[in-house]
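Please work through the exercises below with the sequence and the structure at hand. Each task is followed by a solution in steps.

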Amino acid sequence: MVVSVKNKTKIANTFIAATIAGIMFFPIIWIIILSLKTENDAIRAPLEILFSAQWTLESFSTVQARSDYLKHFLNSVVISFGSTLLGLLVAIPAAWSMAFVPGKQTKNILMWMLSTKMLPPVGVLVPIYLIFRDFNLLDTRIGLTIVLSLLNLPIIVWMLYTYFKEIPSEILEAARMDGAGLKAEILHVLLPMAMPGIASTILLNVILAWNEAFWTINLSAANAAPLTVFIASYSSPEGLFYAKLSAASVMAIAPILILGWFSQKQLVRGLTFGAVK
Amino acid sequence: MKTKSSRSSSLLMISPSVLLLLGWMLVPLCMTVYFSFLRYNLLQPGATPFSDWENYYWFITDPSFNAALINTFILVGGVLLITTIGGLGAAILLDKPMYGKGIIRIMFIAPFFVMPTVAALIWKNMFMNPVNGIFGHIAKMFGLQPIDFFGQIPLASIIFIVSWIWLPFATLILLTALQSLDQEQMEAAEIDGASKWNKFFYITLPHLARAITVVILIQTIFLLSIFAEILVTTNGGPGTSTTTLTYLIYVSSLLQFDVGMGSAGGVIAIILANFVAIFLMRMIGKNLDT
């Protein structure tokens, strides 16, 4: 008897939660459906769209032909992975030293790094734009890679720091006793042990860089434009071609949606700087 | 076991990050402050004379500054209200025992991974378009006049879209905090005959206070910089009804090429953001033991 009451509330919970989650997820399902329809079907009433018989992949090839999805996709991949790896390269030594050889200033440095993240980007838009113009970095992949790696550097350092802190320093000391140099200590002892943490740091920062829309829109035009810019170009009047807009949107978010599903837990740690665990 | 050599190598390893961030922050910051005191427009090449507080004066007395300040406040406040209260409800719901927990959570959290430009365009065209949008179709089904979302209630529409992106974030953080709630304490309260509401107000809410504060502060930082959602939906209009501070600075510096004015706005934005940042830093600092 008790079990059945418990089961009933469990079923009720499932029903309510699934409904709400379904509503949140609906726009994503909807563009997947629209992207598989013809342009004429896509602007009919919702129920007619659902039951119209014709399914087609036409929009995907049209989008590729017209606005060169692959080029933008490649830009996004290069910029987001490039900026994350660049940031990692600079951040690993810093996080190592703060986690294992903390000094009096460690806490202050960590907090200061965090504070750079609070600087509203629009406050430094003009100088960065002018610097980029003078160094011919506007609309280049390397320019965007640098900006995004600096933008995410504080998050990378922080995440690595919290992961490194969980590794007992005795193990590193033992390696040092056995005569391992600093390089060997980091490369052969620390990195393998911290691999899961480093992987989630990479994951979260690739996602953040992939979706970053302020700097990418303002600092790129035709050559280096990633998917954020590619989609912004559909704002008008192409936005009225629902099937094409949907296909373009699906292609822009699919890669990161899949990565995102794996990173739910790290998201909390990475975006709250360890304030919520 | 700190040796002298490990100290100096530690300094060596930390300095690239520090120097890079210092350059990234300090150089542009100083330039912004410097430009804000110059009469400097990219369309008028030549001398850029010192202009005292002129840029600040014109930026602040411009009627669109007032509008932008109010819009920013409504946008940030509205999204915070929706996401915090909604996130609290959603977190409590998702924490309950249910079937298919994993898939339900993933569906709920997915909007956070949708890039802002995509989110804004989907809602604008497929849902809020008065002719072909789903909301318009639903209104017509009930015999109502479809709402022209970005004409009649532009700011509310943007608040709605931004909330769709950030509700999963608030939920995820509150859910994480909820899972560390002491179940024994809950059971003890239950045995003592505490009602559902009492348990919520005297145990759950105080336990979540910290997480809620973090959600509010971190979201505020990001929300103050909302840009792409406005750019692809309304371009700040109609009139100035969706122009936020960030958008206003973008317009004066990159569309009107007025570097001096844009920089003055930038300095003001930095000062405003600092108010929030100070509180957030204190909270995180307390939690940090090195």
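The structure is a predicted model, in which local features need pLDDT of at least 70 and side-chain atom pairs count only at pLDDT 80 or more, while totals for chains, interfaces and linings use all residues. Residues are numbered from 1 along each chain as its sequence is written, and chains are lettered from A and ligands numbered from 1 in the order in which they are written.

**Exercise 1. State the confidence scores of the model and of chain B.**

Step 1. The model has an ipTM of 0.83 and a pTM of 0.86.
Step 2. For chain B the average pLDDT is 84, and 96% of the residues score at least 70; pLDDT is the predictor's confidence in each residue, from 0 to 100.

**Exercise 2. Describe the contact of chain B with chain A by residue number and by residue class.**

Step 1. Two residues are in contact if their C-beta atoms, placed from the backbone, lie within 7 Å. The contact draws 86 residues from chain A and 85 residues from chain B.
Step 2. On the side of chain B that touches chain A, helix α1 (residues 4-35) of chain B gives the most, with 18 residues. Helices are DSSP runs (H or I, at least four residues), numbered from the N terminus.
Step 3. By class, this side of chain B has 61 nonpolar, 20 polar and four charged residues. Here Ala, Val, Leu, Ile, Met, Phe, Trp, Tyr, Cys and Pro count as nonpolar, Asp, Glu, Lys and Arg as charged, and the others, Gly among them, as polar.

**Exercise 3. Characterise the packing of helix α10 and helix α13 of chain B.**

Step 1. Helix α10 (residues 196-223) and helix α13 (residues 259-286) of chain B pack at an angle of about 145 degrees, and their axes are 10 Å apart. Axes are lines fitted to C-alpha atoms, for helices over the stretch in contact, and angles run from 0 to 180 degrees between N-to-C directions.
Step 2. Among the residues in contact are B:Leu217 and B:Ile221 of α10(B), and B:Val276 and B:Leu280 of α13(B).
Step 3. The contact of α10(B) with α13(B) comprises ten nonpolar, two polar and no charged residues.

**Exercise 4. Is A:Thr145 buried or exposed, and which residues does it contact?**

Step 1. A:Thr145 is located in helix α8 (residues 141-165) of chain A.
Step 2. A:Thr145 counts as buried because 22 C-beta neighbours lie inside 10 Å. A residue is buried if 20 or more other C-beta atoms lie within 10 Å of its own, exposed if 12 or fewer, and partly exposed in between, with C-beta atoms placed from the backbone.
Step 3. Apart from neighbours within four places in sequence, A:Thr145 contacts A:Ile79, A:Gly82, A:Ser83 and A:Leu86.

**Exercise 5. Explain why B:Val114 counts as buried, and locate it.**

Step 1. B:Val114 is in the loop between α4 (101-109) and α5 (116-127) of chain B.
Step 2. B:Val114 is buried because it has 24 C-beta neighbours inside 10 Å.
Step 3. Not counting residues up to four places away in sequence, B:Val114 touches A:Ile28, A:Ile253, B:Ala119 and B:Ile165.

**Exercise 6. Describe the phi angle and the setting of A:Asp68.**

Step 1. Most residues other than glycine have a negative phi.
Step 2. A:Asp68, although not a glycine, has a positive phi of about 50 degrees.
Step 3. A:Asp68 lies in the loop between α4 (58-67) and α5 (69-100) of chain A, and A:Asp68 is partly exposed because 14 other C-beta atoms lie within 10 Å.

Conventions: Helices (H or I, at least four residues) and strands (E, at least two) are DSSP runs, numbered from the N terminus.
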